[in-house]
Amino acid sequence: MTPSSSSSPWPSTPPARPRRTAYIARNTAETKIQVSLSLDGGQLDLLPADDEAFTNDDGAEPPQNQTTKTHASQMTASQQIWIWTGVGFLDHMLHAWAKHAGWSLRVRCRGDLEIDDHHTTEDTFLALGTAFTTALGPRAGIARFGHAYCPLDEALSRAVLDISSRPFFVGHFAFASPAMGALNTQMVHHGLASWAQSAGVTLHVDVLRGDNDHHRCESAFKALAVACKGACERVAGREGEVVSTKGVLDS
């Protein structure tokens, strides 16, 4: 006698969960930014090519061919990452963040770099925070909290994240140099504060030790990435549940 499907000893395969994705275009007099994000990795469509802010390709602008490998691009079976802000060290940090958070991420920005890197960095983090909270959707069924320690050689950093809808940022970096490449070191703190504000999260990032500023900064972004991955994890059996004694986490 053939057993019925209901008496099968094998567990049924749960239905695939939809990927959490968002596309954001943020245009001001100072910057033009496009962000496409998937918190769960996978394939991303190319950023729209019909935005007049990105019609010129004179070497200083983001390349129009998004399949071209750049200093901050990486395509694998599970992730697609392509980043161009015009600030190379910022691109490098966003690449590390996306990679270790398990995100797929496309970013391009045309900012007023003839002034400095401030608006480009600030607005990129604001747009990424908006994409993050949009992709996350209702703050239910997730772990909510995430933390990580990540080293890079002699440097060690800690990041602690609460997807709380209570925007707050505390960061301690103690960089020795005024800049890393074309990125002003002050903009690391300000950029992450901007991201926490627009993402609606509470975030603490501390560089605990390290001699090299590049290592200190990269270990901080890697710790943030792993904390993000943990906090965004969907918890089986808690679908629809809000992890709060208040019963709500208003975004």
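Modeller: What follows is a set of questions about a predicted model, with the reasoning behind each label.

Colleague: What makes up the protein chain in terms of helices and strands?

Modeller: The protein chain has four helices and eleven strands. It has 251 residues, and 50% of these count as buried. Its accessible surface is about 12,200 Å², with 53% belonging to carbon and sulfur atoms.

Colleague: How do you know that β1 and β2 pair?

Modeller: Two strands pair if there are at least two bridges between them. Strand β1, residues 21-27, and strand β2, residues 31-38, have seven bridges in the antiparallel sense, so they meet that condition. T21 stands opposite S38 of β2. With three residues between them, β1 and β2 form a hairpin.

Colleague: Why is R144 called buried?

Modeller: Buried means under 20% relative accessible area. R144 has 13%, and therefore it is buried. R144 is located in the loop between α2 (118-136) and β6 (145-152). Leaving aside neighbours within four places in sequence, its contacts include L161, D162, I163 and S164, as well as A231, V243, S244 and L249.

Colleague: What is there to say about the phi of R144?

Modeller: Phi is near 80 degrees there, a positive value in a residue that is not glycine. Most residues other than glycine have a negative phi.

Colleague: Is A174 buried or exposed, and how do you know?

Modeller: Exposed means over 50% relative accessible area. A174 has 64%, so it is exposed.

Colleague: Why is P138 called exposed?

Modeller: The relative accessibility of P138 is 69%, so it is over the cut-off of 50% and counts as exposed. P138 is in the loop between α2 and β6. P138 and E241 are 103 residues apart in sequence, and their C-alpha atoms are 10.0 Å apart in space.

Colleague: How do contacts in the protein chain divide by separation in sequence?

Modeller: Take the contacts between residues at least 6 apart in sequence: 70% of them join residues at least 24 apart.

Colleague: How many cavities of 30 Å³ or more does a search of the whole structure find?

Modeller: The search finds one. The largest cavity has a volume of about 40 Å³.

Colleague: What makes a residue part of the lining, and which residues line the largest cavity?

Modeller: A lining residue has an atom within 4 Å of a point of the cavity. The lining consists of L90, M93, T121, F125, L183, M187, V188 and F221. Each of α1 (88-101), α2 and α3 (186-199) supplies at least two residues of this lining.

Colleague: How do the lining residues divide into nonpolar, polar and charged?

Modeller: Seven are nonpolar, one is polar and none is charged.

Notes. Residues are numbered from 1 along each chain as its sequence is written. This is a predicted model: local features need pLDDT of at least 70, side-chain atom pairs count only at pLDDT 80 or more; totals for chains, interfaces and linings use all residues. Side-chain values use heavy atoms; hydrogens and water are left out. Buried means under 20% relative accessible area, exposed over 50%, partly exposed in between (1.4 Å probe, protein chains only). Contact means heavy atoms within 4.5 Å. Accessible areas come from the Shrake-Rupley method with a 1.4 Å probe; for residues, only the protein chains shown count as cover. On a 1 Å grid over the protein atoms alone, a cavity is a set of points where a 1.4 Å probe fits but cannot get out, and a pocket is an open set with protein on both sides within 12 Å along at least five of seven lines; lining residues have an atom within 4 Å of a point. Grid points are joined across faces, edges and corners, and a volume is the space filled by probe spheres set on the points. Ala, Val, Leu, Ile, Met, Phe, Trp, Tyr, Cys and Pro count as nonpolar, Asp, Glu, Lys and Arg as charged, and the others, Gly among them, as polar.
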